[in-house]
Amino acid sequence: PTGAPDVKLALFQIKNELERRKGRSYSWEEIAEGVGVHPNTITNQLANYSKSIRYDMLGSMLGYFRSEGLYLEIDDLFTVDGCEGKTLLANEDSTRLVAA
């Protein structure tokens, strides 16, 4: 629909924060394996080729990133409209990432 918000997965921002916190780099293949999907699935999401995402994949993403120490909520997985370039920072008690 015209005027609909542009919603994307915030995978680049989440990966950058994960790498910063862990002090190491992660490949998209490693993240795909941890989430339990084929690497092409992640690549398609990153390139915005996919027009939908399965609920179980969202749950798997949350589980994977939480197991790696990022305690994300479902809304942390997305950017809406012009929020893509914002930096994700941990809140005071490091339980969530917030856009800054």
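Predicted model: local features only at pLDDT ≥ 70, side-chain atom pairs only at ≥ 80, totals over all residues.
View 1. K15 has its place in helix α1, which covers residues 11-22. Which backbone atom does the side chain of K15 reach? It is the backbone oxygen of Y26, at 3.1 Å. When residues up to four places away in sequence are not counted, K15 touches Y26, S27, W28 and I31.

**View 2. The whole protein chain.** The protein chain has four helices and four strands, and from the N terminus on these elements follow one another in the order β-α-α-α-α-β-β-β. Of the 100 residues in the protein chain, 29% are buried.

**View 3. Helix α2 against helix α3.** Two packed helices are described by the angle between their axes and by the distance between the axes. For α2 and helix α3, the latter made of residues 39-46, the angle is about 115° and the axes are 8 Å apart. That angle makes α2 roughly perpendicular to α3, and the crossing of the two helices is right-handed. On the side of α2 the contact is made by W28, E29 and A32, while on the side of α3 it is made by P39, I42 and L46. Sorted by class, the residues of this contact are five nonpolar, no polar and one charged.

**View 4. Helix α2 against helix α4.** Helix α2, residues 28-35, also packs with helix α4, residues 55-67, at an angle of about 110° and with the axes 8 Å apart. With this angle, α2 is roughly perpendicular to α4. The crossing in which α2 passes α4 is right-handed. Which residues of the two helices meet here? From α2 they are E30, I31, G34 and V35, and from α4 they are M57, S60, M61, Y64 and F65. The residues of this contact divide into six nonpolar, two polar and one charged.

**View 5. E33, an exposed residue of helix α2.** E33 lies in helix α2. Is E33 buried or exposed? Its relative accessibility is 68%, and therefore E33 counts as exposed, since that word is used for values over 50%. From C-alpha to C-alpha, E33 and Y64 are 9.5 Å apart in space, although 31 residues apart in sequence. Y64 belongs to α4 and is one of the residues in the contact of that helix with α2.

**View 6. F65, a buried residue of helix α4.** F65 lies in helix α4, and because its relative accessibility is 1%, F65 counts as buried. Leaving aside neighbours within four places in sequence, F65 is in contact with L11, I14, L18, I31, L70 and L72. One of these residues, I14, is 51 residues from F65 in sequence, yet the two C-alpha atoms are 8.5 Å apart in space.

Definitions and conventions: Residues numbered from 1 in each chain as written. Heavy atoms only, no water. Axes fitted to C-alpha atoms, helices over the stretch in contact; angles between N-to-C directions. Parallel < 35°, antiparallel > 145°, perpendicular 65-115°, else oblique. Left-handed = near helix turned anticlockwise from the far one by under 90°. Contact = heavy atoms within 4.5 Å. Nonpolar A, V, L, I, M, F, W, Y, C, P; charged D, E, K, R; others polar. Buried < 20%, exposed > 50% of the residue type's maximum accessible area, 1.4 Å probe, protein only. Polar contact = N/O pair within 3.5 Å; in protein donor to acceptor, adjacent residues only side chain to side chain.
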